[in-house]
Amino acid sequence: MERIIKSMLIISFTIVLLNVSSTVWASSTIEKTIQEKENFNINSVAQELQENGKKYIFSECRKCEIVEDTKIQTYTSEEKILNSNNRKCLDTQFKNTYIYEDEKYKGELLLKNYSIQEIDNGYQEKIDSKYIFYNNLPTNDLEQIVKSRIIEGREYVLINVDWYANNTSNIDGTTVPISYNGTALYQCVIRINNPKTYNVQAVYEGEVKPKEVKFNYVLTYTEVADEEQISEDTKNHIAPVAIASGGMIFICILGVLLDKNATVYNVQKGKLVKLKSKRIRANSVINITDCENISGNCFILSIKEFSYPKLRGKTVYVQFNNQKKEIILTTRKICFKF
């Protein structure tokens, strides 16, 4: 009943206003959208516009946050020369995360993998020596000694033999060797590869977000006609037209006030289950605590098409038990969870 009384008062005021007003407001409006930061100064907005010979005055400003898409960003670290390419060793040389930031985006990237380039450090050569022992040779002649030998797959060349007597005999007071032992030195030039090193870079990847949140400000301008444009005949017809219009407006407003313009649904196995409908405005609360057919934690708030333009950018709340979910109306249908 209170709503009906309010509606009748609104209609009465509308009829009086139509009869006594000296200025006629046209129903047509135009909108201008500008993109600014949050600290936008509304006082800087032009209060009047002239377009196509018509005059418009500023009537409303709506603030809508621009939801900018995030993006996947990769980053490759500076090079490090390391002695190992073992994953555990590499993990000790690089951090698990990297804080990325450029002119527009920032975010935390996670270590994804490594870029590894093997470095060949060449080789070095050295002389390897082997000693072969010969025993009980009748003479110390080199003709008895093999000039080269294959040892461990490599060819070793005879360099020298150190001789010493194995058995001796005393002939006419002189000690004479009758057999010899020899130590033969064989040598080979072998090549040894230098240890390899690795040129390593860590590769990071993750989601980054815009650093600066921007907003669309939708400015609404309403057409207005001056009093000079209103003829006396038009004035004389205002009252009956106003009365007829008032009746229509009364019916419309009454319907609007009684109509439920928002519905909360519960998503159950891919289907929408209606929980509650309610007439809402900015900062309204829809309490679904008493709804018994709730299953799962996925909900959708749906706003009727005719009500959404006035509610766009406004905040409403959905309450379930002791939890209250804040929802900014950026689209007609918004999915949310508690």
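Predicted model: local features only at pLDDT ≥ 70, side-chain atom pairs only at ≥ 80, totals over all residues.
**Notebook: strands, rings and contacts**

I began with threonine 263, which counts as buried at 11% relative accessibility. The cut-offs I used are under 20% relative accessible area for buried, over 50% for exposed, and partly exposed in between, with a 1.4 Å probe and protein chains only. Residues are numbered from 1 along each chain as its sequence is written, and side-chain values use heavy atoms, with hydrogens and water left out.

**Entry 1: the whole protein**

I counted five helices and 20 strands. Both are DSSP runs numbered from the N terminus: helices are H or I with at least four residues, strands are E with at least two. Of the 338 residues, 27% count as buried. I then looked at contacts, meaning heavy atoms within 4.5 Å. Among those between residues at least 6 apart in sequence, 70% join residues at least 24 apart.

**Entry 2: threonine 263 and its sheet**

I placed threonine 263 in strand E14, residues 262-268. Its side chain makes a polar contact with the side chain of serine 277, at 2.8 Å. For a polar contact I required a pair of N or O atoms within 3.5 Å; within protein one must be able to donate a hydrogen and the other to accept it, and residues adjacent in sequence count only if both atoms are side-chain atoms. Leaving out residues up to four places away in sequence, threonine 263 touches Lys274, Lys276, Ser277, Ile300, Leu301 and Ser302.

Next I traced the sheet. Strand E14 belongs to an open sheet of four strands in the order E15-E14-E17-E20, with antiparallel pairing. Strand E15 (271-278) and strand E20 (333-336) each have a single partner strand, so one side of each is left without a neighbour in the sheet. Neighbouring strands here are turned by 25 degrees against each other on average, direction ignored. The axes are lines fitted to C-alpha atoms, for helices over the stretch in contact, and angles run from 0 to 180 degrees between N-to-C directions.

Two strands pair if DSSP finds at least two bridges between them. E14 and E17 have five, in the antiparallel sense. I noted tyrosine 265 opposite isoleucine 300 in E17.

**Entry 3: isoleucine 294**

I found isoleucine 294 in the loop between strand E16 (285-287) and strand E17 (299-303). It counts as partly exposed, at 22% relative accessibility. Neighbours within four places in sequence aside, isoleucine 294 is in contact with Asn266, Gln268, Leu275, Ile288, Phe299 and Phe320. I also looked up its C-alpha separation from glutamine 268, 26 residues apart along the chain, and got 8.4 Å.

**Entry 4: the E8-E11-E10-E9 sheet**

I listed another open sheet of four strands, in the order E8-E11-E10-E9, with antiparallel pairing. Its edge strands are E8 (123-137) and E9 (148-151), each pairing on one side only. Four bridges join E9 to strand E10 (residues 154-171), and the two run antiparallel. Valine 157 in E10 is the bridge partner of serine 148.

**Entry 5: rings**

My search of the whole structure gave eleven aromatic pairs. Rings of Phe, Tyr and Trp (its six-membered ring) pair if their centres lie within 6.5 Å; planes under 30 degrees apart count as stacked, over 60 as edge-to-face and the rest as tilted. One of the pairs is tyrosine 98 with tyrosine 204, tilted, at 5.9 Å centre to centre and 35 degrees between the planes. It links distant parts of the chain: tyrosine 98 is in strand E6 (residues 97-101), tyrosine 204 in strand E12 (residues 197-210), 106 residues apart. Tyrosine 98 is partly exposed at 28%, whereas tyrosine 204 is buried at 4%.

I also logged phenylalanine 215 with tyrosine 217, tilted, at 6.5 Å and 55 degrees. Phenylalanine 215 is buried at 8%, and tyrosine 217 is buried at 4%. Phe299, Phe320, Phe336 and Phe338 form one aromatic cluster; isoleucine 294 is in contact with Phe299 and Phe320, among others.

Last, I looked for charges over rings (NZ of Lys or CZ of Arg within 6 Å of the ring centre and within 35 degrees of the ring normal). The charged end of arginine 149 sits over the ring of tyrosine 186, 6.0 Å from its centre. The charged end of lysine 324 sits over the ring of tyrosine 317, 5.8 Å from its centre.
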